[in-house]
Amino acid sequence: MATIEATVTINAPADKVWDVVSDLDGEPKFWKGTKSVRNISKDGNTIQREITIAFRDSKCMQTVTLQPKQRILATFTEGIINGTKTVQLIPEGQKTRLETIWDIKMTGMLGMFTGMVKKHIKSGTEQALEAIKQEIEK
């Protein structure tokens, strides 16, 4: 498994940050590795969805659990990625620290490329967090 961590501090309260990061349909706007999102079902704060990622237009199934104003847990259930992506909000007065932790591996024969893919995911995550920060602070 590869663990990837990235953090950004946003000059806004957690409520404002949550409004942006919890818009799961808008994820491709910030996360360039996510090309498209198709929601399949929703049960309370749990969403089943199919995402198309930039790596060879691969499709992955996810179960996304929203813990309002705290965290978003995306569990990859099918596809070339196995594991989780957690986006967590940590209030710091009038600012919010937005932290993303991936704990993933590539499945099947692609497993040998997990280390190479880790660099791309870290870079993409840092870019996404910065884009979210820019959107909120503008």
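Rings of Phe, Tyr and Trp (its six-membered ring) pair if their centres lie within 6.5 Å; planes under 30 degrees apart count as stacked, over 60 as edge-to-face and the rest as tilted. The model is predicted: local features need pLDDT of at least 70, side-chain atom pairs count only at pLDDT 80 or more, and totals for chains, interfaces and linings use all residues. Residues are numbered from 1 along each chain as its sequence is written, and side-chain values use heavy atoms, with hydrogens and water left out.

**Exercise 1.** Determine which residues the ring pairs link into a cluster.

Solution. Step 1: the ring rule gives two aromatic pairs. Step 2: tryptophan 31 and tryptophan 102 form an edge-to-face pair, at 6.4 Å centre to centre and 70 degrees between the planes. Tryptophan 31 belongs to the loop between α2 (27-30) and β2 (34-43), while tryptophan 102 belongs to strand β7, 71 residues apart. Helices (H or I, at least four residues) and strands (E, at least two) are DSSP runs, numbered from the N terminus. Step 3: phenylalanine 76 and tryptophan 102 form a stacked pair, with 6.2 Å centre to centre and 25 degrees between the planes. Because phenylalanine 76 lies in strand β5 (residues 71-78) and tryptophan 102 in strand β7, this pair ties together parts 26 residues apart in sequence. Step 4: the ring pairs therefore link Trp31, Phe76 and Trp102 into a cluster.

**Exercise 2.** State whether tryptophan 31 and tryptophan 102 are buried or exposed, and find which charged end sits over the ring of tryptophan 31.

Solution. Step 1: buried means under 20% relative accessible area, exposed over 50%, and partly exposed in between (1.4 Å probe, protein chains only). Step 2: tryptophan 31 and tryptophan 102 are both buried, and phenylalanine 76 is buried as well. Step 3: the charged end of lysine 85 sits over the ring of tryptophan 31, 3.7 Å from its centre; the rule requires NZ of Lys or CZ of Arg within 6 Å of the ring centre and within 35 degrees of the ring normal.

**Exercise 3.** Describe the largest cavity by volume and lining.

Solution. Step 1: on a 1 Å grid over the protein atoms alone, a cavity is a set of points where a 1.4 Å probe fits but cannot get out; lining residues have an atom within 4 Å of a point. Grid points are joined across faces, edges and corners, and a volume is the space filled by probe spheres set on the points. Step 2: the structure holds one cavity of 30 Å³ or more, and the largest cavity has about 140 Å³ of space. Step 3: of its 13 lining residues, the closest to the centre are Val21, Glu27, Trp31, Ile72 and Val87. Step 4: α1 (14-21), α2, β5 and β6 each give two or more residues to this lining.

How values were computed. 1 Å grid on protein atoms, 1.4 Å probe; cavity = no way out; pocket = protein on both sides within 12 Å on 5 of 7 lines; lining within 4 Å.
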